[in-house]
Amino acid sequence: MKRIIMAAALALAAGSGAQAAFPDHPIRLVVPFGAGGITDIVARQVGKGMGDALGQSVVVENRPGAGGVIAAQVAATAPADGYTIFMGTVGTQVVNPLIYAKLSYDPDKFAPVGLVSGSPYLLAVRGDLPAANFADFVTYAKAHPAKLNFGSAGTASSPHLGLELLKLTAGVDIVHVPFKSGSEAVNAAIGGQVDVVMDASPVIMPHVASGKLRALAVAADQRLPSAPQVPAAGEAGDAGLQISSWNAFFAPAGTPPAVLEKLNAALRQTLASPELKTRLAAQGTQLYAGAPEEYQRFIAAEKKKWAEIVKRADIRMD
């Protein structure tokens, strides 16, 4: 009997020690987009900072496709031990439940680690479109209803939603042309196959500098340090045009509170880095504080905003 009691005590002590030692091996960060885009760039830089704070590597695993459904399902079914983090987006956490009749995951069942960043989109047109600024563009679009077309990263992607928001706020009729990726849509605008495009500053501005695209407005309430010459939406005449490619970190449902607290502390420490803030601001990305309550306020507002846009645009997916 003494041996049994001693073995149980040792097992309990070993279990407690293992839990207290979190993390004792690398952490996986599942990202719902391919390598090279702004979401991936942020994931890698923030992940590195968290890894430094935790004393373990944070390894990015890109799982693109199906509007983020593939990545979300991978993360949702992972062990709830803190060794898998998911980079959720406006698509995975807000839009997908609004447009899909059935989802293989429940975005509300993830355990939030914290809000990470937002990258406001820039509205741009092909370089030879006769519109020197946003007001000219709206005037031209209204004079040519359904004649202009807009390239996006696919139906229900953030740029597509940005187009639907633009149609509502500016009162224009523009035809949506979905592509497989944001880079394809931007290339189509450069090549003149589409007239209008939206994407993050690092994607748009190099082509603005070359004259192949013309940036008309930042879809935010203030100008970007990475594109100071481009007016904010309100300055341009459309204060309602605000959309960004935001993201937040999550853990699978059931992850122990102590583990979540440790992940959140590492995230907040990373996001407070002046060097990281400066580096990502130069790429058009704003860092948040990483606090769980910040995410809860943010997600409530996003759900209300996009539910109305999706309803008006009548976007549905099988």
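Q: What share of the 318 residues of the protein counts as buried?
A: In this predicted model, 49% of the 318 residues count as buried, where buried means under 20% relative accessible area, exposed over 50% and partly exposed in between, with a 1.4 Å probe and protein chains only. Local features need pLDDT of at least 70 and side-chain atom pairs pLDDT 80 or more, while totals for chains, interfaces and linings use all residues. Residues are numbered from 1 along each chain as its sequence is written, and side-chain values use heavy atoms, leaving out hydrogens and water.

Q: OK, and how many salt bridges are there?
A: The count comes to 10, a salt bridge being a side-chain nitrogen of Lys or Arg within 4 Å of a carboxyl oxygen of Asp or Glu.

Q: Which residue does Arg223 meet in a salt bridge?
A: Arg223 meets Glu235, at 2.9 Å from N to O. Arg223 lies in the loop between strand 9 (213-218) and helix 9 (233-236), and Glu235 lies in helix 9, so the pair ties together parts that are 12 residues apart in sequence; helices (H or I, at least four residues) and strands (E, at least two) are DSSP runs numbered from the N terminus.

Q: And Glu164, buried or exposed?
A: Glu164 is buried, with a relative accessible area of 10%, whereas its salt-bridge partner Lys167 is partly exposed at 24%.

Q: Switching to networks, which residues are linked with Glu61?
A: Arg28 and Arg63 are linked with Glu61 in a network of salt bridges.
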